[in-house]
Amino acid sequence: MTTLLSELSSQTWFIALMAAALIGGVLSAVHHAEVVAHKTGEPYGALILAISVTIIEVSLIISMMLSGHDGSQFIARDAVFATVMIVINGVIGLCIFIGGLHHHEMSFRNEGTNSALAVLTALATFILVMPIVTTSTPGPDFTKSQLAFAGIASFALYAAFLFFQTVSHRDYYLPKAEDKKTDINFHAQKPSNLKTAVSVALLILSLIVVVGLAELLSPVIEAGVKAAGAPKTIVGIAIAMLVLLPEGFAAVRAAKANRLQSSLNLALGSALASIGLSIPTIAAIAIFFNLPLSLGISDLNMTLMYLTFFIGALTLAIGRTTLLQGVVHLIIFFEYLFLSLVP
């Protein structure tokens with residue numbers, strides 16, 4: 001069976017078929033996640049999709065780490081950093097840009113988005129920057145005790161954010177009153193319990209299909225990157241793009257419908273879950289199986305990351321966005337992609 005899959009994976013038609021099936025699985029996951037989100041309401045709907053996407057990401061990273069291929073110790077770092085850059089610059093930038101084209105100006109609750117960005121900045125610094133400046137080990141690595149503490153601290157910070165988002169300050173993540181008046185999601189009838197249950201089951205099935213297809217495509221991606229002579233960091237970027245397809249698609253749809261609050265909840269929630277949930281899991285598996293794991297990013301990437309956080313803070317500061325802010329984020333995103341190919 002494995003030999004047959006290896007032979008098929010070298011066939012262009014089979015790769016195209018898997019890619020089409022993957023896109024279909026992503027679209028299915030988005031649809032059923034939106035049904036569930038409509039039933040539960042914000043911000044729980046965004047949380048459901050964020051956790052679903054994180055499951056995909058963790059399964060892909062762990063499978064590639066366990067394979068023991070050359071450079072597998074950097075897969076988690078590259079995928080997590082790529083997620084942060086893709087979400088804040090790519091997804092949010094595209095949402096603001098498309099929303100600006102259709103609606104000129106969009107509003108959102110900056111209390112919630114600023115809190116989410118603050119937590120994301122702290123998480124990214126804990127995981128991607130601290131390994132560089134610690135002195136217990138040479139290079140961009142944690143000791144096992146440092147890795148364990150970083151994983152626990154990341155999970156604790158993410159859990160605190162979830163409590164803030166869903167219990168103590170849930171209203172910070174809901175659209176403003178004037179936006180609710182034009183949002184059909186607040187006035188349409190909620191799906192029945194049966195329809196919601198069916199969508200939950202189909203969402204789980206869609207995610208399983210996406211995970212399986214993404215794992216089948218990952219060796220093809222690795223082989224393509226190697227054949228092109230591109231840096232191995234491109235593999236992490238490809239993984240991040242694959243797993244963010246459901247969330248990114250849903251976020252752009254929401255922005256086009258003038259629901260930027262939902263877009264930001266989805267985008268920032270996925271980035272937070274990517275670090276707050278995936279890193280503790282990956283760290284625990286790396287420690288248990290004694291797998292090499294290197295998380296520290298380069299000076300170039302650190303510069304890009306803090307530029308992203310600085311511009312992101314300015315974008316989210318006033319609770320309103322225009323097309324220009326979307327352009328700025330997208331240019332930073334393209335700069336990141338270019339420098340990943342030509343570091």
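A salt bridge, as used here, is a side-chain nitrogen of Lys or Arg within 4 Å of a carboxyl oxygen of Asp or Glu. Arg 320 forms one with Glu 105, their closest N and O atoms being 3.2 Å apart. Arg 320 lies in strand β2 (residues 320–322) and Glu 105 in strand β1 (residues 105–107), so this pair ties together parts that are 215 residues apart in sequence. Helices (H or I, at least four residues) and strands (E, at least two) are DSSP runs, numbered from the N terminus.

Before going on, a word about the model. This is a predicted model, in which local features need pLDDT of at least 70 and side-chain atom pairs count only at pLDDT 80 or more, while totals for chains, interfaces and linings use all residues. Residues are numbered from 1 along each chain as its sequence is written, and side-chain values use heavy atoms, leaving out hydrogens and water. The predictor's confidence in each residue, pLDDT, runs from 0 to 100. The protein chain averages 83, and 90% of its residues score at least 70.

The whole structure holds three salt bridges, listed here:

| Pair | N to O distance |
|---|---|
| Arg 320 and Glu 105 | 3.2 Å |
| Asp 78 and Arg 77 | 3.0 Å |
| Glu 111 and Arg 109 | 3.0 Å |

How covered are these residues? Buried means under 20% relative accessible area, exposed over 50%, and partly exposed in between (1.4 Å probe, protein chains only). Asp 78 and Arg 77 are both buried. Arg 320 is partly exposed at 37%, and so is Glu 105 at 38%.

Now to helix α6 (residues 144–168), where Ala 150 sits. The 25 residues of α6 should span 36 Å at 1.5 Å a residue, and its end C-alpha atoms are 34 Å apart, which agrees; the expected span is 1.5 Å times one less than the number of residues. Buried residues in α6 include Leu 147, Ala 150, Ser 154 and Tyr 158. Ala 150 has a relative accessible area of 8%. Leaving aside residues up to four places away in sequence, Ala 150 touches Ile 127 and Phe 142, a contact being heavy atoms within 4.5 Å. The C-alpha atoms of Ala 150 and Pro 280 are 7.8 Å apart, although 130 residues separate them along the chain.

Leu 194, in helix α8 (residues 193–228), is exposed, at 64% relative accessible area.
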